[in-house]
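Biologist: Could you take one part of this model and examine it closely, setting out the contacts and geometry around it in a connected account?

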Amino acid sequence: MVLVSCEWSEGSHTQVYIDHSNGIELIMDHLIERSYKKIALCLGNPDSGVGKIRKNAFYEFVDKSKIIHLKEWYFEKKYSFEDGRAVMNDLYGLSALPRAIVVGNDYVAAGIIHQAKLLNVKVPEDLAVTGFDNQSISEAMGITTIDQPIHQLGIEVIKTIDSLINSQHKIVGNTLPLQLISRQST
């Protein structure tokens, strides 16, 4: 059996894995290098495996660094461009604004940037925005994001299955690296 998962699973089965925790670390390091210290978080499903990993990685990073994060800067169950617009409206209505926001997908990040422009909030001067996934919208809108090697994931799964079938060679785990794509939004 080969397990393809967004989170590491204990056991002796063969796995191909994407390290979402590392993706959050790459984003946070990038923001810190650019002197952003007040950082918000916006996720999709906080109860999914990926959501839990990303949320835990973010708060672990906040705990061990000098990052400022207020509870009203946390958003969840945001999936669409329209959700991003609503997040930006919510941020705009707060008395204390973050300087950056880490977003769980590129479409929500795009909605935040779009609404920020309508509210005359300059990106990245007033608010840096990062996405996740490296969807085509992130390139079109200049969004700093994390590239997930989805195509490579498929290739590695096929190679792993082939190896198991042909040589019975057991591969315990294969973690694929994520890459930060730095663009104009940070």
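Modeller: The model is predicted, so local features are described only at pLDDT of at least 70 and side-chain atom pairs only at pLDDT 80 or more, whereas totals for chains, interfaces and linings use all residues. Residues are numbered from 1 along each chain as its sequence is written, and side-chain values rest on heavy atoms, with hydrogens and water left out.

Ser 138 belongs to helix H5 (residues 136-141). Helices (H or I, at least four residues) and strands (E, at least two) are DSSP runs, numbered from the N terminus. The side chain of Ser 138 reaches the backbone oxygen of Gln 135 at 2.6 Å, and it also makes a polar contact with the side chain of Arg 183 at 3.1 Å. A polar contact is a pair of N or O atoms within 3.5 Å; within protein, one atom must be able to donate a hydrogen and the other to accept it, and residues adjacent in sequence count only if both atoms are side-chain atoms.

The sheet comes next. Four strands form an open sheet in the order S4-S3-S5-S6, with parallel pairing. S4 and S6 stand at the edges with a single partner strand each, so one side of each is left without a neighbour in the sheet. Two strands are taken to pair if DSSP finds at least two bridges between them.

Strand S5 (residues 100-103) directs Ala 100 and Val 102 one way and Ile 101 and Val 103 the other way, and all are buried. S5 pairs with strand S3 (residues 39-42) in the parallel sense over four bridges, with Ile 39 opposite Ala 100. S5 also pairs with strand S6 (residues 128-130), in the parallel sense over three bridges, and there Val 102 stands opposite Thr 130. From S5 the chain crosses through helix H4 (residues 106-118) to S6, and this β-α-β crossover is right-handed; that is, with the strands pointing away from the viewer, the path from the first strand over the helix to the second runs clockwise.

Most residues other than glycine have a negative phi, and most peptide bonds are trans.

Lys 55 lies 19 residues from Tyr 74 in sequence and 9.9 Å from it in space, C-alpha to C-alpha. The structure holds two aromatic pairs. The rings of Phe 58 and Tyr 59 have centres 5.2 Å apart and planes at 90 degrees, so this pair is edge-to-face. The rings of Tyr 59 and Tyr 74 have centres 6.4 Å apart and planes at 55 degrees, so that pair is tilted. Since Tyr 59 lies in helix H2 (residues 49-64) and Tyr 74 in strand S4 (residues 74-75), the pair ties together parts that are 15 residues apart in sequence. Rings of Phe, Tyr and Trp (its six-membered ring) pair if their centres lie within 6.5 Å; planes under 30 degrees apart count as stacked, over 60 as edge-to-face and the rest as tilted. Phe 58, Tyr 59 and Tyr 74 form one aromatic cluster. Within it, Phe 58 is buried at 0% relative accessibility, whereas Tyr 59 is partly exposed at 25%.

One further ring interaction involves a charge: the charged end of Arg 54 sits over the ring of Phe 132, 3.6 Å from its centre. The criterion is NZ of Lys or CZ of Arg within 6 Å of the ring centre and within 35 degrees of the ring normal.

Technical notes:
Buried means under 20% relative accessible area, exposed over 50%, partly exposed in between (1.4 Å probe, protein chains only).
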